[in-house]
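Please study the sequence and the structure before reading each solution.

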Amino acid sequence: MSTHPSSLARRSLLLLVTINLFCYLDRYLLAAILPEIKEVFLAGDPRANEKAGWLTSAFLVSYMLTAPLFGWLADRRSRWMLIGISVAVWSLASGATGLAGSFVALLLTRVFLGVGEAGYGPAAPTIISDLYPVESRGRVLAWFFAAIPVGSALGYAFAGAVHHFTDNWRLAFYLVTPPGLLLAILCFLMRDPRKAHASAPALSQKKRSSVKDYRELLSIPSLRINILAQTALTFAIGGLSVWVPTYLHEERGQSIGSSNMIFGGIVVVAGLISTLLGGMLGDRPRKRFPGSYFLVSGCGMLIGFPASIAMLYAPFPLAWVFIFLAIFFLFLNTGPSNTAIANVTPSPVRASAFALNILVIHALGDVISPPLIGWIRDVSNWNYAFLAVSVVMLLAGVLWLLGMRSFVRDSAAVAEAEARHAATASPTM
């Protein structure tokens with residue numbers, strides 16, 4: 001088998017990276033203009049910050065609750081068809097956000113945004129994992145997940161620029177809808193890798209996913225640890241991504257437009273470099289040190305912990321340096337930790353594994369953190385709110401380091417099982 005990616009693999013990766021870019025751009029438009037949203041819909045409300053936090057949580061609740069269903073479908077039906085429908089749904093939901101005339105209507109548009117992303121989330125990394133071998137999977141998935149910081153930053157920057165030049169926050173939501181619908185159409189023209197590579201044993205198996213699959217996935221020790229660590233990470237990222245722009249404006253006196261563009265630039269540079277570097281650091285020593293994926297993830301969190309505290313007390317412009325470092329080390333784990341999910345799960349249930357991860361990390365992570373941090377701010381101050389985020393980052397790092405041995409055993413077991421199956425299914429190769 002050639003180690004070079006096929007034309008289908010390259011085209012699939014390019015389209016999925018682009019979709020992921022728009023996915024996170026759409027998701028973080030709201031966070032960038034949250035002060036404006038509060039003025040329009042929650043003016044004078046003593047619980048304004050807590051309620052504003054629930055706009056993100058409403059999206060995440062629908063996302064996490066429907067992800068297992070879509071993971072089940074992704075292991076049985078055309079993944080590209082599922083992705084195309086999902087991209088269309090979330091693009092229309094983004095446009096509807098701009099039309100919202102009340103807080104309840106705004107809440108409902110975020111619910112449908114979550115449903116759309118739930119159909120995409122489990123299927124996309126599974127397609128990539130099926131198309132690329134384990135030797136390069138970490139680096140390739142790092143490119144896919146690098147769209148998270150870049151797309152998030154573009155969301156901040158784009159919303160900030162639209163607000164600055166037009167003073168119309170609704171326009172940003174209207175403008176992202178047509179490109180999303182175009183990407184949805186392109187998905188319908190793609191071939192499912194299980195059909196394109198029908199001879200590959202891992203892809204040719206007919207899989208009937210069930211509740212039993214999820215129970216078996218939870219019996220994998222390193223997957224449980226990884227999900228818990230990613231939950232803590234997601235709590236931290238959810239809290240920071242939603243509230244940092246508001247914190248910079250209300251607590252540190254930065255203007256909405258300029259701080260969003262600076263923060264967006266930091267997320268692009270720090271997140272992109274960090275995500276790609278994490279993928280390489282996880283892949284390269286893998287043969288000599290099989291626990292490298294968990295090691296890179298854990299060390300990133302431990303180093304990022306003091307930077308996240310320092311950003312609260314350092315004066316500007318020095319505070320921007322610590323914000324950069326905190327974001328850099330937050331994203332260092334993205335490629336390795338998600339590659340670890342793919343490497344400890346068999347291909348026929350891999351979409352279900354990503355769906356399970358989505359359910360747990362959001363249910364216990366960033367569904368909780370935005371309203372909780374908003375509540376802490378309402379009853380206390382921003383420093384106490386963000387200190388809670390820092391402690392959770394530390395917990396994530398400790399969990400990944402403690403799980404290295406389990407990950408080595410579990411990934412080796414899956415590799416051996418798939419090698420035996422390949423040898424049995426293809427005796428002439």
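A residue is called buried when its relative accessible area is under 20%, exposed when this is over 50%, and partly exposed in between. The model used here is predicted.

**Exercise 1.** Classify Val-89 as buried, partly exposed or exposed, and state where Val-89 is placed.

*Solution.* Step 1: the relative accessible area of Val-89 is 32%. Step 3: Val-89 is found in helix 4. Step 4: Val-89 also belongs to a nonpolar surface patch with Met-81, Ile-85, Ile-185 and Phe-188, and together they have about 420 Å² of accessible area. Helix 4 (residues 79–99) contributes the most to this patch, with three residues.

**Exercise 2.** Determine which parts of the chain are tied together by the salt bridge between Glu-117 and Arg-27.

*Solution.* Step 1: the closest N and O atoms of Glu-117 and Arg-27 are 2.5 Å apart. Step 2: Glu-117 lies in helix 5 and Arg-27 in helix 1, so the pair ties together parts 90 residues apart in sequence. Step 3: Glu-117 has a relative accessible area of 1% and is therefore buried; Arg-27, at 9%, also counts as buried.

**Exercise 3.** Describe the salt bridge between Arg-79 and Asp-130.

*Solution.* Step 1: the N to O distance is 2.8 Å. Step 2: Arg-79 in helix 4 and Asp-130 in helix 6 are 51 residues apart, and the pair links these distant parts of the chain. Step 3: both Arg-79 and Asp-130 are buried. Step 4: a network of salt bridges links Arg-79, Asp-130 and Arg-350.

Conventions
Residues are numbered from 1 along each chain as its sequence is written. This is a predicted model: local features need pLDDT of at least 70, side-chain atom pairs count only at pLDDT 80 or more; totals for chains, interfaces and linings use all residues. Side-chain values use heavy atoms; hydrogens and water are left out. Patches are made of residues with over 30% relative accessible area and no salt bridge: like charges are joined within 9 Å, nonpolar side chains (Val, Leu, Ile, Met, Phe, Trp, Tyr) within 5 Å. Accessible areas come from the Shrake-Rupley method with a 1.4 Å probe; for residues, only the protein chains shown count as cover. A salt bridge is a side-chain nitrogen of Lys or Arg within 4 Å of a carboxyl oxygen of Asp or Glu. Helices (H or I, at least four residues) and strands (E, at least two) are DSSP runs, numbered from the N terminus. Buried means under 20% relative accessible area, exposed over 50%, partly exposed in between (1.4 Å probe, protein chains only).
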